[in-house]
Amino acid sequence: MKVFRRYVAREIYKATVLVAVAFLGLFAFFDLINELEDIGKAGYRIQHAIGFVLLSVPGHAYELFPILVLIGTLMALASLAATSEYTVMRTSGLSTLGAARMLARIGIPFVLAAVLNGEVAAPLAERTGQRIRLERLGSAVGGEMRSGLWVKSDNRFVNVKFVLPDTSLLGVQIYEFSPDFRLLSISQAATGRFEAGEYWRLADVVRTTFSDEGARVERLPELQWRSVLTPALVASLTAAPEKMSGWTLAQYIRHLADNRQATERYEIALWKKVVYPFAALVMMALALPFAYLHVRFGGVGIKVFAGIMLGILFHFLNSLFSTLGVLQNWPPLASALLPSAAFLLMAVAMMWWVERR
């Protein structure tokens, strides 16, 4: 059986790599076309666009990972079935349960690769690519609202108009309240930069302090502002939760919880980070029944097409259940786990059907 496992593993890895090259090459091509309209603006040149596109590849690979594994495994197993090699393995003593265990062992490197990519490569490449692009275009990152980013930090509400690629801030407003929600002061700064890993240095500050005697305005060239906010947390405000690493998500969830803010969206994203790598094993289990279908049920091409449709359906359901989880206040773990659980049940049902035939 060890010989069978090595042979099947080689075929699956080879097919998955070929599928990944094809899909990621296609995505990179469309990304490059999308960047062409910005080439020539400010200091943005073709080499910067190519670099940005290449740095986007790990993110695409993470998003498409279950689909790539499903299609690669399906191609390999369908090819083995078409040449009767899988039939020979079955007659040599390979049971259905043994085949499932074999695929599980073959899929462990896929799980590890997904974890490494999702936690290290993709977030780092995403940040680097966005920083290069914004620096060359001379742009800054704004918030989801027209007024910029809003953050609650301790007893302060902070508004930032723009975040520059180096996570320095433009247009900072800090509203400080007392424990009984009485406005104590409003500080407005032109810029803010994180210094020495301890505090933010605000420049060109206008501070208005409110007391029983009235309002007092003072102008300061600089002001040190100590806050629980860090450049990493500020950067996370401008990134989609799905593109953040699990460690960053955990830190940001803690920050939101400490400030009594909603955490459901980020908790779902964190649980998806935990569950998502194991979706590769589910996809391999889903591909296994296709090895038992005879050629008259369709050649390799038809089976690969079916795999693509199933992969797209999984990707759609994964996004849908995340949104429904936020809207319906489902438990974060359930929202992240349901798509994979549904497809695992589908794989078991398909395997039962081909075994009964």
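## His-60 and its neighbours

Let's start with one histidine. Setting aside residues within four places in sequence, His-60 is in contact with Leu-24, Phe-27 and Asp-31. One of these contacts involves a polar pair: the side chains of His-60 and Asp-31 are joined by a polar contact of 2.7 Å. Keep in mind that this is a predicted model.

Where does His-60 sit? The residue is found in helix α2.

How buried is Leu-74? Its relative accessible area is 0%, so Leu-74 is buried.

What does Leu-74 touch, if we ignore residues up to four places away in sequence? The list is Ala-287, Phe-290, Lys-303, Val-304 and Gly-307. As for Leu-103, that residue is 29 residues from Leu-74 along the chain, and the two C-alpha atoms are separated by 12 Å.

## Aromatic rings

Now for the rings. Searching the whole structure turns up 10 aromatic pairs. Take Phe-194 and Trp-200: their ring centres are 5.0 Å apart and their planes meet at 65°, so this pair is edge-to-face. Are these two residues buried or exposed? Phe-194 counts as partly exposed because its relative accessibility is 24%, while Trp-200 is buried, with a relative accessible area of 0%.

Elsewhere, Tyr-13, Phe-65 and Phe-110 make up one aromatic cluster.

## An arginine over two rings

Which rings does the charged end of Arg-133 sit over? One is the ring of Tyr-44, where the charged end is 5.8 Å from the ring centre. Another is the ring of Phe-52, with the charged end of Arg-133 lying 5.6 Å from its centre.

## Empty space inside

How do you look for gaps in a structure? Rolling a probe the size of a water molecule over the atoms shows where empty space is left. Across the whole structure, the search finds two cavities of 30 Å³ or more.

The second largest cavity holds about 30 Å³ of space. Which residues line it? They are Lys-272, Val-275, Tyr-276, Phe-314, Asn-318, Ala-336 and Ser-340. Three helices, α7 (264-275), α9 (300-328) and α10 (332-356), each supply at least two residues of that lining.

Methods. Residues are numbered from 1 along each chain as its sequence is written. This is a predicted model: local features need pLDDT of at least 70, side-chain atom pairs count only at pLDDT 80 or more; totals for chains, interfaces and linings use all residues. Side-chain values use heavy atoms; hydrogens and water are left out. Rings of Phe, Tyr and Trp (its six-membered ring) pair if their centres lie within 6.5 Å; planes under 30 degrees apart count as stacked, over 60 as edge-to-face and the rest as tilted. Buried means under 20% relative accessible area, exposed over 50%, partly exposed in between (1.4 Å probe, protein chains only). A charge sits over a ring if NZ of Lys or CZ of Arg is within 6 Å of the ring centre and within 35 degrees of the ring normal. Contact means heavy atoms within 4.5 Å. Helices (H or I, at least four residues) and strands (E, at least two) are DSSP runs, numbered from the N terminus. A polar contact is a pair of N or O atoms within 3.5 Å; within protein, one must be able to donate a hydrogen and the other to accept it, and residues adjacent in sequence count only if both atoms are side-chain atoms. On a 1 Å grid over the protein atoms alone, a cavity is a set of points where a 1.4 Å probe fits but cannot get out, and a pocket is an open set with protein on both sides within 12 Å along at least five of seven lines; lining residues have an atom within 4 Å of a point. Grid points are joined across faces, edges and corners, and a volume is the space filled by probe spheres set on the points.
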